[in-house]
Amino acid sequence: MHNTHVIDPVTRIEGHAKITLQLEDDGTVSDARFHVTEFRGFEELCGGRPFQEMPALTARTCGICPVSHLLASAKAGDAIMSVAIPPAAVLQRRLANLGQIIQSHALSFFHLSAPDLLLGMDADPSERNVFGLMASEPEVVRRGIRLRQFGQEVIEKVSGRKIHGQEIVPGGVAEPLTDDEVIEIGYKTGEAKQTTLDVLAHFESLLVTRFGGEVKNFGNFPSLFLGHVGPGGRWEHYDGALRVVDSQGAIIADDVEAARYKELLAEAGNTDSYLKSPYWRAAVGANGSPWDGIYRVGPLARLNVATHFGTMLADAALQRYRGRTGEIATSSFHYHYARLLEVLASIERIEQMLGDPELTSEFVRAEAGVNRRRGVGASEAPRGTLFHDYEVDGDGLITGVNMVIATGHNNLAMNKTIREIADAYIDGPDVPEGTLNRLEAGIRAYDPCLSCSTHALGQMPFQVQVVRPDGELLTELRRD
Amino acid sequence: MARPKRPNVPVVIDGHEVMAYPDDTVLSVAKRNGIRIPHLCALDGVSVYGGCRLCVVDVAERHKLMPACGTAVAEDMEVHTQSRTLQEHRKLILEMILAEGNHVCAVCVSNGACELQDLAVELGVDHVRPDYQFPRRTVDASHPKYTFDPNRCVLCTRCVRTCSEVEGAHVWDVAGRANGSYLIADLGQPWGEAPSCTWCGKCVAVCPTGALAWKGKAVGEMRHDPNLVAFLTSARDEGEWLDRETM
């Protein structure tokens, strides 16, 4: 007879999900599944809208990472218009994305995961939350909130608002950046950088003293890694080309245009989750399983595909990181570590950009109509590679939308991670609270944004099972 | 009959005596005297329609509420523009307008510069009591310069009257009946195929919502110019060029 444990809801993540564990009588794990239980459906509701509305419309997918959708959507619009946007608009968009990476990573680290990381996985659940953290580490929380505020303010300068700005548009951006706005950002980079350096040093010490087991067991498996890289393999977040590496560091694909993503990736539906499971098409044979094509995106993957950051402090930190993880980091626990490095690199990149006179140029927008029926836009969202793929009619009205969301790319990896944690920490039918929290923490490591990720209507696989009380399957109906 | 040089008809609005011209409406004299009466379909420079009913006022010795835009002034007329009953009527009318279409400010080209949105704020419409109708309406982006989104159309007919009375083309009109009414270009063809359209853009300028907009505008970028019509008619008919910024 199966013994089922359900963690519902999974807490301190963005969106709604649950985890189910199936245990045998002897307590061994027979299955562990991550289910996304909410549905958004943006791919359907965008139909018939003018493509110029799409950035602001799709940004409503999420309150945490709206900039990522603004950028991918605006780039898809650029492609439909077939324009090269002005250099100042590129700089502004890059600036917004760096602000987005900072604020989202700060949210993930300080607000969502720091209770586990700083108070311990087995801490009293009534204190293992952001309020408990405020009581025991008030200065860390205060600095984390200030760091996130910095990222939000950078976003506000470019997109008009901290959340759901509407000034990143097809063809560029709506308004030039002023000198005062640039100066305001510049005033605040020092504090943000110092906060990041201090937290990074603290986290590096905890990796040695506290989290050896988690590093070993939190999604530590071979997979492919996907992300954008810039010239010379430099860490990239807005432009560049796609690169895929394997766990040994071998480059599987390189210099791939984002518009070709469908040639490389396929999506499998799930009967028990609204979240689809993308996989690397070439790794799966005709009758193979999507699991053969498992890959990861996000901070961990971006650091695995890139050779360097191109900024001094972040590159020094990257050397220490690789000293601990090896050339390719395979443990998903290192997502936290990679996140801190990306924050540091983002702040340094912002500092570099603020000195560029082009940033405040008055020329920020290219105007054009429909010059192509399909446009694909991609960017590196905080959680990983994001694709917006639009088709329009001759009048510019949307006839088809496909959004491949960073969290979706990681779906197979998240499922594999909780199975790995369950196998490592569950020993017998009684599952202690600290182990349940580790399962949640395994998901948190990916910082999934589930509200962003469930959009395809009418393609959902369907499964009905009739099961006896003792767990025996009597009949099953499926629609794949 | 020519207008007298000075207003000479005494009217009492909300307890204040103001002087009106004989051809004034309650709305026009109130507006000239800085008394705010919420309105939507009314537009200076074109004929009165009186369809939205948002400008209803209470006129002494009349047994029903009257639309201020279509009620001529009379000597010693006593008008009340603000009462709990009037506010409630206006609020419900606005809620019905919002429920009838698909008005999603967050993703509208006119977000932040929309008369319907401003009225909702002014009247305190923070929720809508009638059931939303969620009509299925198709955007017409066939015109090379402009876009018509019927989801955002409130059937105020400003565009119909402006196109007919000011431009003289009469591209726009209303087809259907009651809540099945809808705006059409020429004989119901796509706007881009309507041969009578002169591409002048006056209809777009006077639209109070994001229904008519310049093509290519992203969310929140549309700025209408509803004073354009009064400016043009005043210049044409009176030889007087008004300041559009301060009208």
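Colleague: How many residues does the contact take from chain B, and how many from chain A?
Modeller: This is a predicted model. Residues count as in contact if their C-beta atoms, placed from the backbone, lie within 7 Å. On that basis the contact takes 13 residues from chain B and 18 residues from chain A.

Colleague: Which classes of residue make up the side of chain B that touches chain A?
Modeller: Start with the charged class: it supplies two residues on this side of chain B.

Colleague: Into which domains is chain B divided?
Modeller: The bounds come from an automatic or database domain assignment. Domain 1 of chain B covers 11–82. The other is domain 2, covering 108–238.

Colleague: How many residues does the contact take from domain 1 of chain B, and how many from domain 2 of chain B?
Modeller: Domain 1 of chain B gives twelve residues to this contact. On the side of domain 1, eight are nonpolar, three polar and one charged. From domain 2 of chain B, the contact takes 21 residues.

Colleague: What radius of gyration does chain B have?
Modeller: Chain B has 247 residues, so a compact globule would have a radius near 18 Å. The C-alpha atoms of chain B fill a box of roughly 50 × 45 × 30 Å along the principal axes. The value for chain B agrees with the globule figure: 19 Å.

Colleague: And what radius of gyration does chain A have?
Modeller: For 480 residues, a compact globule would come out near 23 Å. The box filled by the C-alpha atoms of chain A is roughly 70 × 50 × 40 Å, taken along the principal axes. Chain A agrees with the globule figure, at 22 Å.

Colleague: What share of the 480 residues in chain A is buried?
Modeller: Buried here requires 20 or more other C-beta atoms within 10 Å of a residue's own. For chain B, 40% of the 247 residues count as buried. For chain A, the share is 52%.

Colleague: Among contacts in chain B between residues at least 6 apart, what share joins residues at least 24 apart?
Modeller: In chain A, 71% of the contacts with a separation of 6 or more are between residues 24 or more positions apart. In chain B, the share at least 24 apart is 63%.

Colleague: How many helices and strands does chain A have?
Modeller: Chain B comes to six helices and nine strands. Chain A has 15 helices and 16 strands.

Technical notes:
Residues are numbered from 1 along each chain as its sequence is written. Chains are lettered from A and ligands numbered from 1 in the order in which they are written. This is a predicted model: local features need pLDDT of at least 70, side-chain atom pairs count only at pLDDT 80 or more; totals for chains, interfaces and linings use all residues. Helices (H or I, at least four residues) and strands (E, at least two) are DSSP runs, numbered from the N terminus. The radius of gyration is taken over C-alpha atoms; the globule rule is 2.2 Å times the number of residues to the power 0.38. A residue is buried if 20 or more other C-beta atoms lie within 10 Å of its own, exposed if 12 or fewer, and partly exposed in between; C-beta atoms are placed from the backbone. Two residues are in contact if their C-beta atoms, placed from the backbone, lie within 7 Å. Ala, Val, Leu, Ile, Met, Phe, Trp, Tyr, Cys and Pro count as nonpolar, Asp, Glu, Lys and Arg as charged, and the others, Gly among them, as polar.
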